[in-house]
Amino acid sequence: PKPLILVLGDQLSHDLASLRDLPDQAVIALCEVGAETSYVPHHPQKIALIFSAMRHFAEELRERDHFVHYCALEDDDNAQDLIAEAERLAADYGCDEIRAVRPGEWRLWQAMHERAEAEVPWRLIEDDRFFSTPEAFEAWARGRKAPRQEHFYRLLRRRTGLLMEGDEPVGGRWNFDHDNREPLPDAIHPPAPPEHRHDATTLAVLDLVAERFDDHFGRLEGFHWPVTRDQALDELGHFLEHRLAQFGRLQDAISDREPFLYHSRLSAALNLGLLSPREVCEAVEREYHEGRAPLNAAEGFIRQVLGWREYVRGLYWTRMPDYKRGNALGARRGLPSCFWDGETEMRCLRRAIEMTRDHAYAHHIQRLMVTGNFALLCDVAPEALCDWYLAVYADACEWVELPNTLGMVLHADGGLMGSKPYCASGKYIDRMSDHCRHCRFDPKQATGPDACPFNSLYWDFLERHADTLSANPRMKLIYAGLSRMSDAKRAALREQAGAFLERLDAAPAYSPAHGQ
Ligand code: FAD
Ligand code: DLZ
Ligand code: SF4
């Protein structure tokens, strides 16, 4: 057999299923292609990260004596499309089949399936770099009326033995979220993230991206992502040593000055395959057992990787393509232009967008409770919001982005990701952050020229969606609050929110690259 092994930009793991037991004649292909750089206007740091990591990985494969064909974006004969390029190479090298591991996006999986019977057939292989598989998730979810992350997480804790004592969770509880809700104290200064050396490969990619993608939203300067497994291991080591111990209690904090706080910054390295979720969880568990990290931090972290990351992947692969069409709240608004230009007086929103622009990163609570919450309260349409999240973060890949955006943020999947929407008023942001101190609005006011827009938007959202949401048992208390309000107050809130949304719609549309 002479297979062509197509390795995608997020499959950079030496133990990838398709790279095991390779026949001598195998040709391994990695392809930089225009179609992947432009289906959404990716942040320049994301493109640089993927290209640099791909080029380094190809070099490592060659050092291991594999035959590698690397297609650079600027190559003359590049077909600029993954399927077409793999088929061109398979023909050129006289390969008898093309092997690919399940990609990170349904559109590619579908395109590969459609070519299964082509002249050089595609053979698709399951990705076993996760704790679970779509098949196992399907079997677990079958027959459950409402699948819940918490239940799937417990199953995986039992199955892996992570933070378990026999059949019981270490510490007697599955969940320490209650201890993990502190804001950042003024006197605490999180450590700066590690700086990774830019070698000639990375410098060449940075030049290419600066030249080709300077019209995309986002700054390339300050690029600091790990692009090799060694750099990713340094990033993991730095997290374990300097940030993990505080990760738990400050997990939900939001800061006006600190983009990374005590978060791990490991999502991109995990998603690209430079680190495995198992080694990361095991390393965190070890820190707990050896007394260097408290249980609420270790459990909080493992819940994200073992629980949420696996759950969203299961949902994605078992619910697509219908999942992407979900719009349970009937949201129709286009993406507000401030998501691209940061032009808003709302300090929390502005800082989240600026940090995204500067670092291709925002931590989970910024994504969920600032930009996400704002989009939810404004009824932004799922497609518009999903395209933004897919473009602007270094870690964005549809299998993980879509359930988080469409499901968790917009509650557009009818409650698979969350049993209620994560909607919140300015009070929440004021409690969890120091943004409001720097803002021209007052989080304690709901109407009037200085009122925080989140407050009237919040009540107006609840009122607008009462038909769908008021029957939800977890929303009962909130709706009870709304019904205690006088008609006059409700009318004033409605008017305040309506005027805000009108101004939002009147703002000139901003066009990032590719006519979005
Ligand atoms: P930490 O806070 O240190 O968390 C540790 C790890 O847990 C992360 O590296 C990540 O692998 C995993 N994790 C944490 N939360 C989630 C989650 N909700 N779903 C899946 N995995 C999780 N994550 C992505 O990897 N890619 C995306 O495209 C993405 N899009 C998102 C879009 C929205 C609207 C929201 C609300 C969340 C999204 N997330 C996404 C999840 C999460 O916000 C990021 O994984 C996290 O912020 C990455 O930073 P970190 O590595 O410092 O995470
Ligand atoms: C995001 C991205 C970009 C920008 N470029 C490439 C590329 O040139 N070649 C490639 O193989 N993958 C790229 N990716 C990642 C893909 O868009 C896609 O998300 C994954 O390959 C799906 O597994
Ligand atoms: Fe955000 Fe409102 Fe606080 Fe301003 S007052 S920072 S808009 S929550």
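Analyst: Two strands are said to pair if DSSP finds at least two bridges between them, and the elements themselves are DSSP runs, numbered from the N terminus (helices H or I, at least four residues; strands E, at least two). The model is a predicted one, in which local features need pLDDT of at least 70 and side-chain atom pairs count only at pLDDT 80 or more, whereas totals for chains, interfaces and linings use all residues. Residues are numbered from 1 along each chain as its sequence is written, and chains are lettered from A and ligands numbered from 1 in the order in which they are written.

User: What makes β4 and β5 a pair of strands, and which residues are bridge partners?

Analyst: Strand β4 (residues 97-101) and β5 are joined over four bridges in the parallel sense, and the criterion asks for at least two, so they count as paired. Arg99 has Arg123 of β5 as its bridge partner, and Val101 has Ile125. Strand β1 (residues 3-6) also pairs with β4 over four bridges in the parallel sense, with Pro3 standing opposite Glu97.

User: Which strands of the sheet are called edge strands, and what makes them so?

Analyst: The sheet is open and has five strands with parallel pairing, in the order β3-β2-β1-β4-β5. The strands β3 (68-71) and β5 (122-125) each pair on one side only, and these are the edge strands. Neighbouring strands are turned by 25° against each other on average, direction ignored; axes here are lines fitted to C-alpha atoms (for helices over the stretch in contact), with angles from 0 to 180 degrees between N-to-C directions. Helix α2 (residues 44-63) packs on this sheet, where it touches β2 (27-31) and β3, and its direction makes about 165° with that of β3.

User: How do you know whether Arg249 is buried or exposed?

Analyst: Arg249 has 20 C-beta neighbours inside 10 Å, and a residue is buried if 20 or more other C-beta atoms, placed from the backbone, lie within 10 Å of its own (exposed if 12 or fewer, partly exposed in between), so Arg249 counts as buried. Arg249 sits in the loop between α9 (244-247) and α10. Beyond its neighbours within four places in sequence, Arg249 is in contact (C-beta atoms within 7 Å) with Asp179, Asn180, Glu182 and Asn296. Its C-alpha atom is separated by 8.6 Å from that of Asp177, 72 residues apart along the chain.

User: Which members of the largest nonpolar core touch the most others?

Analyst: This core, a set of buried Ala, Val, Leu, Ile, Met, Phe, Trp, Tyr and Cys residues joined through C-beta atoms within 7 Å, has 148 residues, and those that touch the most other members are Leu4, Leu6, Ala29, Ala53, Ala86, Ile302 and Leu377. Not counting residues up to four places away in sequence, Leu4 touches residues including Val27, Ala29, Ala86 and Ile98.

User: Which residues come nearest to ligand 1, and how does its shell divide by class?

Analyst: Of the 29 residues around ligand 1 (C-beta atom, placed from the backbone, within 6 Å), His263, Ser264, Ser267, Gln304 and Glu401 come nearest. By class the shell has 14 nonpolar, 10 polar and five charged residues, where Asp, Glu, Lys and Arg count as charged, Ala, Val, Leu, Ile, Met, Phe, Trp, Tyr, Cys and Pro as nonpolar, and the others, Gly among them, as polar.

User: Which residues are closest to ligand 3?

Analyst: Among the 14 residues surrounding ligand 3, the closest are Met346, Cys348, Cys436, Cys439 and Cys452. Its shell divides into 10 nonpolar, two polar and two charged residues, and α18 gives the largest share, three residues.

Conventions:
Contact = placed C-beta atoms within 7 Å.
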